[in-house]
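Please open the model in your viewer and keep the selection panel at hand. We will go from stop to stop, with something to select at each one.

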Amino acid sequence: QVQLVESGGGLVQAGGSLRLSCAASGGSLYAMGWFRQAPGKEREFVAALNWSGSSTYYADSVKGRFTISRDIAKNTVFLQMNSLKPEDTAIYYCAAGRTPGRAADAYLYWGQGTQVTVSS
């Protein structure tokens, strides 16, 4: 059983930056993804990678602004978020699965989420 714990969320002004962390424990990791969900919205894909780091994937809405990375030794995946916009406001979830897909159902394990709020 894999446990994922997100951290690093908070309140930031538009144009600012945040780095989210996802610490994993309890099993081997093959792929990691970040999703987000705003109030009244469906959960949407943000970014993903395979654990080896050979492939990364991004939603069009965050390309050029967000970067996904990982620290293998620490079993941690990061989401560096730059040039934040109010529309980035959401709860951000870390997920783990067998393949780095864009669909939420590709992931078997989920963290509880961390709130990101971007003010105008």
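The tour below begins with a few ground rules and then visits a sheet, a disulfide, a pair of hairpin strands, a ring cluster and a loop arginine.

This is a predicted model, in which local features need pLDDT of at least 70 and side-chain atom pairs count only at pLDDT 80 or more, while totals for chains, interfaces and linings use all residues. Residues are numbered from 1 along each chain as its sequence is written, and side-chain values use heavy atoms, with hydrogens and water left out.

**Stop 1: the open sheet**

Switch to a cartoon view and look for strands S1, S3, S8 and S7, which form an open sheet of 4 strands in the order S1-S3-S8-S7, with antiparallel pairing. Strands here are DSSP runs of E with at least two residues, and helices are runs of H or I with at least four residues, both numbered from the N terminus. Two strands pair if DSSP finds at least two bridges between them. At the edges are strand S1 (3-7) and S7, each of which pairs on one side only. Neighbouring strands of this sheet are turned by 15° against each other on average, direction ignored; the axes are lines fitted to C-alpha atoms, for helices over the stretch in contact, and angles run from 0 to 180 degrees between N-to-C directions.

Now select S1 together with strand S3 (residues 18-25): the two pair in the antiparallel sense over 5 bridges.

**Stop 2: the disulfide**

The structure holds 1 disulfide, a term for a pair of cysteine sulfur atoms within 2.5 Å. Cysteine 22 is joined to cysteine 94, with S to S at 2.0 Å. The torsion about their S-S bond is about -80°, so the disulfide is left-handed. Because cysteine 22 lies in strand S3 and cysteine 94 in strand S9 (residues 90-97), the pair ties together parts that are 72 residues apart in sequence. Are these cysteines buried or exposed? Both cysteine 22 and cysteine 94 are buried, where buried means under 20% relative accessible area, exposed over 50% and partly exposed in between (1.4 Å probe, protein chains only).

**Stop 3: S4 and its partners**

From S9, move to S4: these two strands pair in the antiparallel sense over 7 bridges. Select glutamine 37 and you will find isoleucine 91 of S9 opposite. On S4, 6 of its 7 residues are buried, so the strand is mostly covered.

S4 also runs antiparallel to strand S5 (residues 44-50), joined by 6 bridges. Here arginine 36 stands opposite glutamate 44 in S5. The hairpin of S4 and S5 has 6 residues between the strands, and its glycine 40 takes a positive phi near 75°.

**Stop 4: the ring cluster**

Show the aromatic side chains next. The structure holds 4 aromatic pairs. Rings of Phe, Tyr and Trp (its six-membered ring) pair if their centres lie within 6.5 Å, and planes under 30 degrees apart count as stacked, over 60 as edge-to-face and the rest as tilted. Phenylalanine 35 and tryptophan 110 make a tilted pair, 5.1 Å centre to centre with 55° between the planes. Phenylalanine 35 sits in strand S4 (residues 31-37) and tryptophan 110 in strand S10 (residues 107-110), so this pair ties together parts that are 75 residues apart in sequence. Phenylalanine 35 is buried at a relative accessible area of 1%, whereas tryptophan 110 is partly exposed at 28%.

Tryptophan 110 also forms an edge-to-face pair with tyrosine 107, 6.2 Å centre to centre and 70° between the planes. Tyrosine 107 is buried, with a relative accessible area of 4%. Select Phe35, Phe45, Tyr107 and Trp110 to see the cluster that ring pairs link together.

**Stop 5: a loop arginine**

Finish at arginine 65, in the loop between strand S6 (56-58) and strand S7 (66-71). Arginine 65 is buried, with a relative accessible area of 10%. Which residues is arginine 65 in contact with, leaving aside its neighbours within four places in sequence? They are Gln80, Met81, Asn82, Ser83, Leu84, Lys85 and Asp88, with contact meaning heavy atoms within 4.5 Å.
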